[in-house]
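User: Hi! I'm new to this one and would like a friendly walk through it. Can we look at it together?

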Amino acid sequence: MENKLFSCIESRLRGKRNYYSRFYIGPFLKNQAFLYSNVLRRVLLSDSSNIVITAVNIVGAKHEYSLLPGVRESSLDLLLNLKELVFVKDIYTKFNKSYFAYLKSNGPKIIRCSDIILPNTIYAVDSTQYIATISNNKSLILKMKLTANLLNNFYSNLNYELNSLLSYYTNDILEKTNFSLIIDPNFSCVNKVNSSLISLDNLENYNDSISLEVWTNSSYSPRIIIQNSIKSMVNLFLSIYDTSFIDIKLENSDNFLENHLVSLSNRATFFKKSFFNICTEFNTVKYKTSFDKNLTLISIDELDLSIYSKFLLKRHNILTLYDLFKIDKRVLERFYNISYKTLQSIERKMVKYGTVNK
Amino acid sequence: MYITPLFFPNLLKLQRKSFLTFLKYGIKKEIKKLDITKNKKKLLVYPNLFQLNLPTYTCNECVITSKTYNCELVIPIRLISYKDEIEWITLTNIPIMTNKCNFITNGSPRVIMSQITRAPGIYYHKENENTYYADIIAERGNWLRIEIDKKNNIWMKVKKVPKVPALMFLQALGVTKSNLIKLLKYPIPNQNHNLGNFKSQKEALEKIELYSQLESSINSRNLKNQNKITIFDRFMNPKYYDLGTRGRIQINKKFNNIEETIQHSTLTSKDFILAVHFLLKIKYKIEETDDIDNLKNKRVKIAGELIQSQFGIGILRLQKYVKDKLGNIKNNLHLTNIFSSTPINTTLAEFFGVNPLSQFMDEVNPLATLTHKRRLSSLGIGGVNRDTATLTIRSIHPTLYGRICPIETPEGKNAGLVNSFALFAEINSEGLIETPFFRVCNGRILYEMGINYLSANQEDKSNIVPFDIKKSRIGFLSKNKIAARIKQQFKEVSKKKVDFISISQLQMLSVATSLIPFMEHNDANRVLMGSNMQRQAVPLLKTECCLVGTGLETKIFFDLQDNVKSPPNGFISYLSLKKITISNIRNEHKSFNFKSNPLETITCIKSKSRNFNRLKYNLKDLLTNSKESLKITNYMSYVREQKIQYYIKQYNSSNQGTCSVNRLTLNEGQFIIKKNPLISGLSSCRNELALGKNLFVGYISWKGYNFEDAIVLNEQLVINNIYTSTHLEKFETEIKKNKENSEIITRDIKNISFLNKKNLDKNGIIKIGSRVFSDDILVGKLLPIETRILSPYRKLLYEILQKQNDHYRNTSLRVPKYKRGRITFVDYIKDKGKIKKKTEILKDLKTIKIHLMQNRLIQIGDKISGRHGNKGVISKILKIQEMPYLNDGIPLDILLNPLGVPSRMNIGQVLECLLGLSCFYLQRRFKVIPFDESFGFEVSRNFIYSNLYFSNIKTGNNWLLHPYYPGKNRIFDSYSGLPFDQPITIGKAYILKLIHLVEEKVHARSTGSYSLVTQQPLKGKSKKGGQRVGEMEVWALEGYGAAYTLHEILTVKSDDIKSRQKVLTSILNSETIKFGTTETFKVLIRELQSLCLNIQFFK
């Protein structure tokens, strides 16, 4: 087979937030082109590498429905406008870290994206993007939280659903940030992808190639987006690629059994390794050691507490010893209405399991 | 070409006009009836001099403070007794219609629907073969029925009274037998029985009395009761009977009786004779019976008239009240002592509160409010009963054309009884519905002659053709033979004989129905659903105009008067959503004086008046700089700079909980013309009614997820807030203050963790802006209770739970289950007025009002629909990469089941969807008036294909119209990347989100209250009821072998009272729960036994 070609045939900016490119990828054997084009399309569409505003504090607004003095938009409209802003990261932008941006303008003025004071590593794509209009002698002051790829720390850990501008679930992250207005983020920067096949139907070699059209919101060029998604795919497959399989050769029938055993042991280590990776990735906070693991298995029912205190604990979602272990003693006493006596008894019983409450 | 009439009356005109006539003439007319003389004391009323004072509160104040929007009716009254005095007396507070044509009573907007009833008069019916009867319907009084039965006896029938032979009755009135035979002209059948054999009037009277004594002996034992109403009184005494002028006219017309004057409001003996005479005529098949469903025999009462009749009752009550007072008060006789406003006030309040025609305004969206005001009900007092209404009353009658919409009516038990006015319908002075027509003469439409309104009785003898027939540019009818409507039949008529032509295709449709494009291609049942569902569409956060409309959207928007309008011309010098300042320059010296209002006010700031040359000033300077910068040299005239400030409400709330955040349509520095809208409110976009969103639709079944009207949705719609709506819930709590125990508002509530109290302020009331969830405390309240001596069991229980005996009971206001949102408004109301300072809060606090607002995203279980009655529930929300996509990569937004189209016969949705597709690619919008067949054969189809063809050519997407499968396209399966087997209909359709949201309906119960009588769990969400485990559910559990579940449900959870009470204790003591054998359980056993299973109880 000849060399594969990845080339950009056409690329143009249709408006400031619409970047279109067409690529040629190929040639492939006939069925393969189909396979890869579909995979590419789906991966591109599910991409979420954008950095967007996820939470806002507006001076003078206690909630989404409040009106701001001198501002033409209601704060709900303001949030919707902020949601549509497009930003770019650069290579120094740290992954999994929140950035803060600020805005302060005095009227009369039409506030656009260029008025936002952004961190050094983040840039606005379309500086003319409209935010609000303010009237004479009034000012608008905002603090915004920019987050990239919330997926890892947001969706997986918590029972989070996309559930409104309000974001009902008082979870830890939201409580810690002190932001009063929270926006459902849309991390995707790919607007539309279309893939079609170009078949070079010569009689002798029937090769197909993919023509991939990508529309992005200009935070990344389509080329980079494609490279990124290919990279993430390669990363994924490499992580589950088992090198030990290379050694198995069927021709060496003598060594087959031996090889097989070796490979099995290799596989065991491999699985151990990869599972460990997964575990550490997913549960960075919880279940670090085997000691903690044990605690999670023991329910607080085994502590033989009084019904009332058991009830109190369960009401606050403290179900296992591990949960209990995590919580500060003072917190228990102050917020959960647990008396000093019961605390002492809990402590005594915890000692039995080899742990002491903090 | 004269396609649509330029004339289009305001859609709320009916209600407004009716109420205005009540104010102008009705009040006067009713007050004239007030006539009081007693014991030589006389009261003189001057009805012409009555005055209505301006309302004390504005509409918005009324809504906020739960008051009634009304004005005081004052009238000068003169008392003539031993001394002569005259004084202004307030008779009542009349609720006043706002400019949106609704009333505000106790803070909630109410609408008075119009009522359609049978007009007073006489109507002949056929009951069976040879049995006929006549009903005489009066405006006030009993219905009278004159009947000729199988045995040819002629009877008079009144409700609750045994029947009386009619001819004997006439003889008792003084008509002699011979005269009677002479007058009736036709042979009287069964003469002996009917006429009797009386020698004198007295004899006949005695006979009739015998009949009526029968009645009195049944009803009351007091035979010689003075207040007894004789049968003669019932129809001859104006005290008990009133035909009304219209009834009198109808009767006179029916019998060609010219002699009787209109003023005579009761029945005369001549009427009776003529009625029997006519009945005989019908019996001998000389005359025909009447059609009661014909609109000419029905009368419409609109708000004004309904209020007027109630006002009349109030006046009567006042009269009685005043007479009593006059009799009682001996000394100190003053007018102010005699009169009181309560009698009329209570009657009016009764009307607004109790009458089924006065309803809570349907405020889901603007269209709903509009149609609610145009609704026409045959129910209510003096109307039909919903349970006994026959099919003929509910069905469509040819005279409905152009008057009442044949389509829009609710489904279910009210079908056909609650209708709505057609677009152009009007009411004439007789209370008949009229509709406009153009006159046609010799086959030419006389546009110049203007519009003729015809009522149902006027159009009886004329040929009427519909608007959508072929005609030339200047109005000549093209065809020689035209299908016309005459005498409620459809006949082919030569064009010279045509008298009238209707003025629009939409003439027979109501407002909501006329908003459906391509509705002529739909089955009527589905159009009915479509028009009803448009009224349920929730206003969305971001609105979008429809791509395919009918052209009525703008008209509706402007007739609503929903938006705030600019009071004068002027420049906008300050603009924000809180406040708008309009500056203008006035030549006049008049000073504006608007009433101040905390939320929505117009205040005037008078600036220094200056003299300057009008030609030289610079408006820009005037606005941006201070007033001092005006430097004007030449004296011309006094001109005043005026600033008008308009304060805007934060949001508009509605009765149904929908809510909209206001949006400005202006810019700062713009010039605004008087009466132009300042703010666009609910469901409007670019001055059009906008209820939904245009979505990419595909008619394809998707893995069974859209089976049976389920709908698959794209996740992008959720993420991009396309179907997000704002909702508002109002909570109100009263702080009880009795002598013994008064509630305390406090933050210290026992047994509640710090976290739950986090959002409360120091007084125990929730802070504005806090997020709340179900069961959070909104207002912390405690009610002190007497300390009781505890039973030892309770003591033990408290000991176990380590709970102290309380002196207070927790009566805090909490957020109801499954509700969440943000607190946006807290209002403290004192006994007298509002509290403004926070320090005063705890004293004299009476009620606390709390608003909870929430954005609801679309989610699985929400109901959405198109405009063609194609409704469904969302069953699955797919990621964007999983949706099927078009040839150019656009993923579909919504997947509908193709099987939803053929059996429902709503092809309009397909046409709309395809035209929408070409709209999307051509970047155009279309307004398609229904019934376009007059423009040619199959016009809608051709139009759609031609537009698709244009979009094919113009945009280069040559897949849009495929020659082999036009109107369908190949779309791609996102899982394989391959196209689906069959080409699929795709397009853009206008989809609405309906108010039936899961979030309001979700409900679960583990334990709860039980019905007192049956000891079974209650039903319904509001009562925290359970789901019924019916017969089939029991089978399912049996089939699954879920024995324990079944056991629990049929014993403890059902009517096993004893063991139900024991469950708690046995769980606490960790004992085994004992079950009894209940009736429901026995049924199960019997059922199993009947399956030949040997099941028995053993001890």
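User: Which element gives the largest share of the nonpolar patch?

Analyst: Helix α19 of chain B does, with three residues. Keep in mind as we go that this is a predicted model.

User: Okay, and which residues form that nonpolar patch on the surface?

Analyst: A:I307 from chain A, together with B:L796, B:L797, B:I800, B:L1064 and B:L1068 from chain B. Together they have about 520 Å² of accessible area. Two elements of chain B, α19 (792–801) and α25 (1057–1068), each give two or more residues to the patch.

User: Switching topic: how many residues of chain B are in contact with chain A?

Analyst: On the chain B side there are 64, in contact with 60 residues of chain A. The area buried between the two chains is about 5,100 Å², and carbon and sulfur atoms give 53% of that. In chain B, the residues that lose the most area to chain A are B:R822, B:N855 and B:Q881, together 12% of what that side buries.

User: How many salt bridges are there across that interface?

Analyst: The rule finds four between chain B and chain A. One of the salt bridges pairs B:E882 with A:R42, with their closest N and O atoms 4.0 Å apart.

User: Last topic, B:I31. Where is it found, and is it buried or exposed?

Analyst: B:I31 is found in helix α1 of chain B, which covers residues 13–32. With a relative accessible area of 0%, B:I31 is buried.

User: What is B:I31 in contact with, leaving aside its neighbours within four places in sequence?

Analyst: Its contacts are B:V45, B:P47, B:F50, B:L73, B:I75, B:L91, B:F311 and B:I315.

User: How far apart are B:I31 and B:P47?

Analyst: In sequence they are 16 residues apart, and in space their C-alpha atoms are 5.8 Å apart.

Methods:
Residues numbered from 1 in each chain as written. Chains lettered and ligands numbered in written order. Predicted model: local features only at pLDDT ≥ 70, side-chain atom pairs only at ≥ 80, totals over all residues. Heavy atoms only, no water. Helix = DSSP H or I, 4+ residues; strand = E, 2+ residues; numbered from the N terminus. Buried < 20%, exposed > 50% of the residue type's maximum accessible area, 1.4 Å probe, protein only. Contact = heavy atoms within 4.5 Å. Patch = residues over 30% accessible without salt bridge, like charges linked within 9 Å, V, L, I, M, F, W, Y side chains within 5 Å. Areas by Shrake-Rupley, 256 points an atom, 1.4 Å probe, with all protein chains shown as cover. Salt bridge = Lys/Arg side-chain N within 4 Å of Asp/Glu carboxyl O. Buried area = accessible area lost by both parts, 1.4 Å probe.
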